[in-house]
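I opened the model to look up two things.

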4 protein chains.
Amino acid sequence: MPVPAPNLYPAFNIVRLSHVELTVTDLAKSRAFYVDTLGLQVTDEDSEAIYLRAMEERGHHCIVLRKGDTASARDLGFKLYDEASLDAAEAFFRDKGLPVEWVDRPYQSRTFRTRDPHGIPLEFYVRMDRLPPIHQQYKLYRGVKPLRIDHFNVFSPDVDESVAFYNELGFRVTEYTEDEETGRLWAAWTHRKGGVHDIAFTNGTGPRLHHTAFWVPTPLNIIDLLDLMSTTGWVDNIERGPGRHGISNAFFLYIRDPDGHRIEIYCSDYQTVDPDLEPIKWDLKDPQRQTLWGAAAPRSWFEEGSLFDGVTPHEAALKAQPIIAP
Amino acid sequence: MPVPAPNLYPAFNIVRLSHVELTVTDLAKSRAFYVDTLGLQVTDEDSEAIYLRAMEERGHHCIVLRKGDTASARDLGFKLYDEASLDAAEAFFRDKGLPVEWVDRPYQSRTFRTRDPHGIPLEFYVRMDRLPPIHQQYKLYRGVKPLRIDHFNVFSPDVDESVAFYNELGFRVTEYTEDEETGRLWAAWTHRKGGVHDIAFTNGTGPRLHHTAFWVPTPLNIIDLLDLMSTTGWVDNIERGPGRHGISNAFFLYIRDPDGHRIEIYCSDYQTVDPDLEPIKWDLKDPQRQTLWGAAAPRSWFEEGSLFDGVTPHEAALKAQPIIAP
Amino acid sequence: MPVPAPNLYPAFNIVRLSHVELTVTDLAKSRAFYVDTLGLQVTDEDSEAIYLRAMEERGHHCIVLRKGDTASARDLGFKLYDEASLDAAEAFFRDKGLPVEWVDRPYQSRTFRTRDPHGIPLEFYVRMDRLPPIHQQYKLYRGVKPLRIDHFNVFSPDVDESVAFYNELGFRVTEYTEDEETGRLWAAWTHRKGGVHDIAFTNGTGPRLHHTAFWVPTPLNIIDLLDLMSTTGWVDNIERGPGRHGISNAFFLYIRDPDGHRIEIYCSDYQTVDPDLEPIKWDLKDPQRQTLWGAAAPRSWFEEGSLFDGVTPHEAALKAQPIIAP
Amino acid sequence: MPVPAPNLYPAFNIVRLSHVELTVTDLAKSRAFYVDTLGLQVTDEDSEAIYLRAMEERGHHCIVLRKGDTASARDLGFKLYDEASLDAAEAFFRDKGLPVEWVDRPYQSRTFRTRDPHGIPLEFYVRMDRLPPIHQQYKLYRGVKPLRIDHFNVFSPDVDESVAFYNELGFRVTEYTEDEETGRLWAAWTHRKGGVHDIAFTNGTGPRLHHTAFWVPTPLNIIDLLDLMSTTGWVDNIERGPGRHGISNAFFLYIRDPDGHRIEIYCSDYQTVDPDLEPIKWDLKDPQRQTLWGAAAPRSWFEEGSLFDGVTPHEAALKAQPIIAP
Ligand SMILES: [Ca+2]
Ligand SMILES: [Fe+2]
Ligand SMILES: [Fe+2]
Ligand SMILES: [Fe+2]
Ligand SMILES: [Fe+2]
């Protein structure tokens, strides 16, 4: 099954991925990871939750850490262009027979929750409280100097289905991995905001959240983070990298938070705003697909992910396997 | 006059700035500058013209150098989303009483030329020949490793008028400089593609092209270019920088090509896709506006620019002056 | 007068420059500059003095800030190879009729003070208290991430005389500036430790301390410092740069501390351990001598310096002038 | 057996490691690796050999590639301070009963060959032809921008013995790895020139040459090399890294030349000129010893090395094993 032609006229206008809420079991430990180590900025906190933003973001939060008994991922948040889009989106999901629930989200205007066909919880809204810019308050920069949330990556039990659905929502494929044998998609990167992706799909037991990525200024900031983590008790939380992705051409590092939620640090992909941009195809068996420099990803990277709260994942239909580090 | 509210629903959809044609008096010398020194890639050339693209671009050209008797700038090119936008754009300019002329542009689909109200020549098209990606052919990277065209900056004899017009076209203001005394705009940065700008306007004798900017990976590439230019006969073509802009927070360098056309090398601005992004206001008298580190720009930077072919510029009405280096 | 042949067999073995004491008028303000902004580490402090080291140094201090009524520079400290060298050095200075005074310096073994022929106060010692390494405690890195003291630069009223004297001490010239007209030295860079210099001499009213330099990892750390200083109230303390030196090929920035003492941030010069390394000659009128990229230094850089405590400087005999920024 | 006290008064003065000759089986292929990919500069070549220098070196060669039927390493070259040192060195080796042979080496003054007690071929000389500086000819910089040869690393069948011998020659230990169980040295880093090492010893079947290292400006140059090698047919020649060493704190990458000779690209270690610098001890079982970030080295890195021409290596007595990647 080939990649579908991009839907250039979706029923509503999704601007970009916006935020995610993660349930964590020890707020203090998570704060040490996200705030003291990564360098995200606290915009609100109490005994139940911590709201964070990255350095160039003006919206109130890109990640919410909420205390819970079990680690899990909650809604993936997306920002819509306007209220008309919000209403159109509601209608769209209802028409698909997917659940729509209007919810109260602090610091966000009118927000509804829904699910994608595999059960991934999504939330849509138009406006979030805007905070004063801090990107030129250089004394606040710490850790990896995170600039903005960049993308989600989710395990999908059927990447062809996921791509078809998100394509309908206007997400355009920039790069994809095909299983040569079956001709099926093994992974795909899809965007709204003009980078390589807002959300990517990886074949595997799903739906589960594979990772959330933050954009940083340069590869040297990633090296700084590695040096810091290695000497402050976080060395075992380094999972994969640093390296250059074949796909996206970005420079990357994967780390795990205290509950195992995976975070990618990412920079240097390319501009994709052209509606006639051709997707780039990769073969699942190409060792440079994952890492341009040839290093394979470890087994944990292919198998572990965060459960979405209350969602039971299913094994993927496609059994094709990528190259895994010994 | 305050910055106008953004027009979120323009009559047609401009994707991004796309390309510019510069008339140069010595093609070989210009080739030495743009190809051998900056590192742009030749996609076509003959005795009359050289077509160039940057490393991550898939469109055929972002800059065209054309041999001429006198140096000048020709059309500023913009890419539209679809054919419907092209027709709507044509209607829009005709309605304004502005000239519309369908032209033949190699490697571009149906293209029309027009003028903005101050006389700047613009061209609009939807599709350009797509070339195979070269962003992972690292042996081709040279010079400053230019990744893509980033923006135009033009002298405007009336920045308030320019902003009002481009606002109608859907360009959204991200940052601006106000003359405190008159309350008038002295400069403004406006975007379509989600960066700080596709086109900026600077108060001055205009219209003239102030500069064309290219995006590069990191500030270190700019340092590499300075080292290279300084030791290959181009030291006098370094005009201003390197530095961090107050406005845009980008890292920059301004250089002049063999005919005096100004090129900016630029990186590290921020994402602006949110329709509710608040513009940032700067005071003309703020010394950190131009360069966050306090260095003033030289007189040439404020006074010199490329004439648009066949367009006679007019002095600006607003006489307010920025800080100029002694 | 040409550069003297290097003295490869000096009477005693100076390992490297080691430290300097600066008198400052407001310890708290100086602490904000050196500790909070530059990122030097406090190794001792009380109400009268602050001892600092850089990140890879194991010796107790490279700079001592001492409270005083008037800003001044005190002894330039050098580390000797062994006690035999210390005794030989004492004899050497006494033989020259220069004053030798054994002094008590906290954290240093047996130390004597003397003067060079122009009156610069020098101190020599063999051992300083060694502290545990902190270069892999990455959480301590701040500001410009200073790694080690790199060199002193002093105004000399007669550079030929200075070079002749320090040559006798075993300092080897790596680069020098000649006044073409008189054939006299206008400036010279001389080393012991295998970099471009431990101490350099600049023609001017002297002796005065022109600057003390710290080595940092990469040019990006200098950009980070500029961004930090620009947004924390230190923008007026930025004097010159950033840039690439013609001489030394190093990347540099000059800043001024709260009392006007000049600090250079410096990286990327080259290895000079070969005894047969040929000095590189520069013409005083070469604009790329100061800054490879062509920018001239400001007048303050040529005229201002720190007085050595109790030493009255004299005008330089050589009146030749370098290029000065307008 | 503890690390011996440094010999601060060796019988002769070794300035630094200088060069090595490698026998290669295909000169053209090796040229593609060392010149076109790494960016070393050819200073002489004919059908039998290629002489190379790095960008800041003024000596004629740091590596000589010589055509041969079998790949092997030949003499490790060291530069001495003066002719008196050369004579003293000759006497020293003769006194030890080690073979001394005066040889003719193009571009070098009087040179003798000898062996260390394990059979490593060494050569000593005082002067090499000096070439004009090219470090500011930035158009010549290519590949990884190699600045200078930095160190050798050799497999030793008895590291305690190697350290004892080289200590007598004046090499000072900066860091070392001890096998906790036996108290024996498993590896040691020893220097003459003021960096972490001129030569290091690794426990293993030896003597064999483990690698030759080149110093580059910043970690970003190493990333550039990885991108280049990955996309020009050299991806399989990437062996280990990039990473930060625990030992030395340097940033590194290990690659293999077309014959399997191992080259390290290296930067960012620290200054070690102080005679009282304390060596840093590491435990063989510390996973951060090899790579601060925790990644283990692959088996090939521990087992493979270049044979010295005509020397049969012996198994190491010490059987202790480091952590090896699965
Ligand atoms: Ca609250
Ligand atoms: Fe990702
Ligand atoms: Fe610009
Ligand atoms: Fe200096
Ligand atoms: Fe090494």
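How many salt bridges are there between chain A and chain B? I count 14, taking a side-chain nitrogen of Lys or Arg within 4 Å of a carboxyl oxygen of Asp or Glu. I picked out A:Arg130 with B:Asp274, where the closest N and O atoms are 3.0 Å apart.

Conventions, for the record. This is a predicted model, in which local features need pLDDT of at least 70 and side-chain atom pairs count only at pLDDT 80 or more, while totals for chains, interfaces and linings use all residues. Residues are numbered from 1 along each chain as its sequence is written, chains are lettered from A and ligands numbered from 1 in the order written, and side-chain values use heavy atoms, without hydrogens and water.

Next, the extent of the interface. I find 36 residues of chain A in contact (heavy atoms within 4.5 Å) with 36 residues of chain B. The buried area is about 3400 Å², with 45% from carbon and sulfur atoms; this is accessible area (1.4 Å probe) lost on putting the two parts together, summed over both. In chain A, the residues that lose the most area to chain B are A:Arg58, A:Tyr81 and A:Gln271, together 19% of what that side buries.

Then the metal. I looked up the protein donors (N, O and S atoms within 2.8 Å of the metal; 3.2 Å for Na, K and Ca; water is not among the atoms, so sites may look incomplete). For the iron ion (ligand 4) they are C:His151 (NE2), C:His211 (NE2) and C:Glu264 (OE), 2.0 to 2.1 Å away. Their spacing along the chain reads H-x59-H-x52-E.
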